Amino acid sequence: MMSGCPGSRTMTFPKDGGAEVPAGKVPSQLRQWPIQMHLVSPSAPYFQGADVVLAADCVPFAMGDFHSSYLKGKALAIACPKLDGDQEIYVEKLRGLFEDAKINSLTVTIMQVPCCRGLLGLAMQALKASSRKVPVKSVIVSLQGEVLQEEWASA
Amino acid sequence: MEKYLRTPIKEIIGKHPPVGALLEEYNIGCVPCSVGTCLLADIVEIHNLSPEDEGRLMARIAGIVAPGRVVTLPEPRNLRPEASRKLSYSPPMKALVEEHRQIQRFLAVLPAVLDRFDARSEADRDLVRGGLDFIRSYADRFHHAKEEDILFASFDPGLDILKAMREDHERGRAHVRAAGEALARCDGEGTAANLRGYAGVLAEHIKKEDEILYPWMDRNLSVRQVGELFARFAAVDERFAEDRKKYESYVVWLEHATTESISEVR
């Protein structure tokens with residue numbers, strides 16, 4: 001019988017010889033640095049008027065095509081809602097992205113494990129506190145990188 | 001089959017009327033459409049059927065248009081997950097759907113207003129003038145302008161589905177113009193007939209937009225476009241904020257006024 005936190009349960013995903021991958025190097029779609037939520041500033045030029053992805057730390061590793069499907073053409077911030085400290089700073093920074101950087105949209109990509117929902121919660125908390133509203137999309141990714149749900153969140 | 005996929009739907013229904021009934025069975029309401037230039041392939045795509053339903057529909061259409069012949073059916077191209085077939089609007093589409101709810105509330109009380117409308121009564125004429133003002137200002141200048149000037153402009157203006165929607169708007173406007181003219185000459189029957197005509201056009205039009213057009217647009221808009229539409233709609237909302245409150249209050253007032261007058265009659 002399974003027990004314990006689904007976010008830290010040990011699992012392996014056997015691969016039968018490895019799926020087909022494109023030949024040659026796949027270019028990165030990252031257009032900025034830094035990316036970690038404690039290090040980024042809403043006043044950074046790459047956030048101004050941008051479409052922003054707020055990714056849970058594990059998502060880009062789980063999704064084979066994160067760069068082409070979600071990062072391309074967008075600015076990025078990453079965070080872990082389970083392990084990161086001082087998350088009230090995140091709420092303020094997100095509010096800064098909505099109000100000051102006047103971002104165009106926010107896509108929050110999270111893992112299917114329950115603790116990851118906290119990241120979407122932080123984004124919605126910031127949106128609620130913000131005087132400027134922006135469309136927020138949530139994408140829930142399975143442990144093996146499939147998109148389980150993609151929908152627009154209600155403020 | 002490829003030839004039929006690239007044929008306007010009215011032409012197919014004209015030559016093979018059972019295709020119209022079959023489309024109705026799949027809730028694809030092309031028969032009453034006054035334009036009908038959409039291609040069969042686009043109609044199937046726009047309605048986002050499951051791969052199974054799409055396969056069955058195409059096979060049955062082939063049985064009608066080419067009975068007894070061996071035809072090559074297109075592969076169901078629907079690779080989207082089941083979740084994308086559920087109605088979940090993006091924020092700008094959701095705002096338009098909420099505006100539709102206001103218009104539908106108005107349309108729901110309109111028959112009661114028209115049933116007891118006496119064109120000789122100044123009070124009744126005022127009531128209908130108020131309704132025409134709601135239609136012209138809220139439904140047309142605010143809501144339809146958002147659609148035509150902003151939303152539709154995000155897509156190829158030559159798309160048949162957009163031509164059909166614009167034509168619905170024009171038919172609605174023609175009814176409203178005619179109703180206003182009839183009211184000015186105290187022609188009660190003309191006023192009521194045109195307002196009922198308007199209600200018929202709008203009710204069907206709103207259903208098409210809520211269930212077919214907006215979900216299709218949402219599937220085809222990028223996140224960037226959704227954000228831009230949201231911002232442009234917000235700017236219109238801000239400009240129209242006071243009027244919007246006024247017209248939404250008007251709908252509530254009209255609902256109460258109509259309910260009370262019906263109770264009085266009883």
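Does B:Leu57 count as buried, exposed or partly exposed, and what neighbour count puts it there? Keep that in mind for a moment. This is a predicted model, by the way.

Here is the answer. B:Leu57 has 19 C-beta neighbours inside 10 Å, so it counts as partly exposed. A residue is buried at 20 or more. Where does B:Leu57 sit? In helix α5 of chain B, residues 51–65. Leave out residues up to four places away in sequence, and B:Leu57 touches B:Tyr26, B:Val44 and B:Leu49. Now look towards B:Tyr250. That residue is 193 residues from B:Leu57 in sequence.

Next, a helix pair in chain B. Take α8, residues 160–184, and α9, residues 188–220. Their axes come within 8 Å and cross at roughly 160°. Angles over 145 degrees count as roughly antiparallel, and α8(B) and α9(B) are therefore roughly antiparallel to each other. The crossing is left-handed. Who meets whom? From α8(B), the contact includes B:Ile161, B:Met165, B:Val176 and B:Leu183. From α9(B), it includes B:Leu195, B:Tyr198, B:Val201 and B:Leu213. Charged residues take part too, among them B:Asp168 and B:Arg171 in α8(B) and B:Glu209 in α9(B). The tally for this contact is 12 nonpolar, 7 polar and 3 charged.

Over to chain A, and the largest nonpolar core. It has 40 residues. Which of them touch the most other members? A:Val52, A:Leu54, A:Ile103, A:Ile110, A:Leu119 and A:Ala123. The largest share is from α4(A), with 6 residues.

Zoom in on A:Ile110. Again, skip residues up to four places away in sequence. The residues A:Ile110 touches include A:Ala56, A:Val59, A:Leu119, A:Leu120, A:Ile140 and A:Val141. A:Cys116, A:Arg117 and A:Ser138 are on that list as well.

There is a second, separate core. It holds 22 residues, including B:Val128, B:Phe134, B:Ile135 and B:Ala192.

Last item: where the chains meet. How many residues are in contact? 10 of chain B, with 10 of chain A. On the chain B side, helix α10, residues 223–239, gives the most, with 6 residues. That side divides into 5 nonpolar, 3 polar and 2 charged.

Methods:
Residues are numbered from 1 along each chain as its sequence is written. Chains are lettered from A and ligands numbered from 1 in the order in which they are written. This is a predicted model: local features need pLDDT of at least 70, side-chain atom pairs count only at pLDDT 80 or more; totals for chains, interfaces and linings use all residues. Axes are lines fitted to C-alpha atoms, for helices over the stretch in contact, and angles run from 0 to 180 degrees between N-to-C directions. Helices (H or I, at least four residues) and strands (E, at least two) are DSSP runs, numbered from the N terminus. Angles under 35 degrees count as roughly parallel, over 145 as roughly antiparallel, 65 to 115 as roughly perpendicular and the rest as oblique. A crossing is left-handed if the near helix is turned anticlockwise from the far one by less than a right angle, and right-handed if clockwise. Two residues are in contact if their C-beta atoms, placed from the backbone, lie within 7 Å. A nonpolar core is a set of buried Ala, Val, Leu, Ile, Met, Phe, Trp, Tyr and Cys residues joined through C-beta atoms within 7 Å. A residue is buried if 20 or more other C-beta atoms lie within 10 Å of its own, exposed if 12 or fewer, and partly exposed in between; C-beta atoms are placed from the backbone.
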